[in-house]
Amino acid sequence: MVSTTAGVNKAAAQGGGLRLASLNHISVVCRSLESSLAFYCDVLGFFPIRRPGSFDFDGAWLYNFGIGIHLLQAEDPESLLPKKTEIDPKDNHISFTCESMEVVQRRLKEMGVRYVQRRVEEGGIHVDQLFFHDPDGFMIEVCTCDNLPVIPLDGAVARAPPACKRASAAKQQQQQLNLPAAVLDPAPPVKANAGGCIGEVVDVPAATMPMMTSVEQACMQV
């Protein structure tokens, strides 16, 4: 069964979007499974994990940094588009942040991986970028992009669904009730939440619930 876009369009119109949790994996079709496996493990630091045995095609599953890489062996490698040789920072790519650009740059040189270096400047903040290809010409970026704060556009905030506004109001109500800090903020703050909303669920000890009205309790479950 193939679903239509009607449901997606309706969700978008309502400002809700899909209720996603996180990035799980990316899939890469490769000419040589062996070469790609070596690259993603030896260069990028991924490690192999168990892959469902029911698959009837060659491939490998890798994992690290909270995401997966799924390698798919091309059935007909000769039918793939010619491998890209020019490194274009504006091309499709996956990006990773790093702790030290100098270390990454040195390791790429040691391994003989050709790369292109760029620097972005915004409001006095510098973001360094390194771009290079995997064995099939798919581009990888290593950067210090987390130097830049995540600032929602005004329009994005204005289009926030009502549930987000209720969650924000609920948090203000909690503060007025002088609840413990662990209740107000049970997890580290998320940069993307500045001025916006991620629809967080706040766990409140049962002992504090009688202090709140039914409306306050409902809002805190958004």
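The following legends describe close-up views of one predicted protein model.

Residues are numbered from 1 along each chain as its sequence is written, and local features of this predicted model need pLDDT of at least 70, while side-chain atom pairs count only at pLDDT 80 or more and totals for chains, interfaces and linings use all residues. Side-chain values use heavy atoms, with hydrogens and water left out.

**Figure 1. Overview of the protein.**
The protein has 7 helices and 8 strands; helices (H or I, at least four residues) and strands (E, at least two) are DSSP runs, numbered from the N terminus. Of its 222 residues, 29% are buried, where buried means under 20% relative accessible area, exposed over 50% and partly exposed in between (1.4 Å probe, protein chains only). Among contacts with a separation of 6 or more, 55% link residues 24 or more positions apart; contact means heavy atoms within 4.5 Å. The protein exposes about 14,800 Å², with 56% of this area supplied by carbon and sulfur atoms. Accessible areas come from the Shrake-Rupley method with a 1.4 Å probe, and for residues only the protein chains shown count as cover.

**Figure 2. The largest nonpolar core.**
This core has 26 residues, a nonpolar core being a set of buried Ala, Val, Leu, Ile, Met, Phe, Trp, Tyr and Cys residues joined through side-chain atoms within 4.5 Å. The residues with the most contacts inside the core are Tyr40, Leu44, Ile69, Leu71, Phe132 and Ile140. The elements that give two or more residues to the core include strand 1 (25–30), helix 2 (33–43), strand 4 (67–73), strand 7 (125–133) and strand 8 (139–143). Helix 2 provides the largest share, 4 residues. In soluble globular proteins, nonpolar side chains tend to be buried together.

**Figure 3. Helix 2 and the residues that follow.**
Leu33, Ser36, Phe39, Tyr40 and Cys41 are the buried residues of helix 2. Their cover includes strand 1, strand 2 (47–49), strand 3, strand 4, strand 7 and strand 8. Leu44 is in contact with Phe39, Phe65, Phe96, Phe132 and Ile140, leaving aside its neighbours within four places in sequence. Just after helix 2, Gly45 takes a positive phi of about 85°.

Strand 1 and strand 4 run parallel and are joined by 6 bridges, with Leu72 in strand 4 as the bridge partner of Val29.

**Figure 4. Phe65 in the loop between strand 3 and strand 4.**
Phe65 lies in the loop between these two strands and is exposed, with a relative accessible area of 52%. Its phi is near 60°, a positive value in a residue other than glycine. Most residues other than glycine have a negative phi.

**Figure 5. The hairpin of strand 6 and strand 7.**
Strand 6 (residues 115–122) and strand 7 run antiparallel and are joined by 8 bridges. Val116 has Phe131 in strand 7 as its bridge partner. The two strands form a hairpin with 2 residues between them, and Gly123 in the turn has a positive phi of about 60°.

**Figure 6. Salt bridges.**
The structure holds 5 salt bridges, each defined as a side-chain nitrogen of Lys or Arg within 4 Å of a carboxyl oxygen of Asp or Glu. One of them joins the side chains of Arg31 and Asp136 (3.3 Å, N to O). Because Arg31 lies in the loop between strand 1 and helix 2 and Asp136 in the loop between strand 7 and strand 8, the pair ties together parts that are 105 residues apart in sequence. Arg31 is partly exposed, with a relative accessible area of 26%, whereas Asp136 is buried at 13%. Arg119 forms a salt bridge with Asp128, the closest N and O atoms being 2.8 Å apart. Here Arg119 counts as partly exposed at 47% relative accessibility, whereas Asp128 is buried at 18%. The side chains of Lys84 and Asp91 also meet in a salt bridge (2.6 Å, N to O), and Lys84 is partly exposed, with a relative accessible area of 40%.

How values were computed:
Two strands pair if DSSP finds at least two bridges between them.
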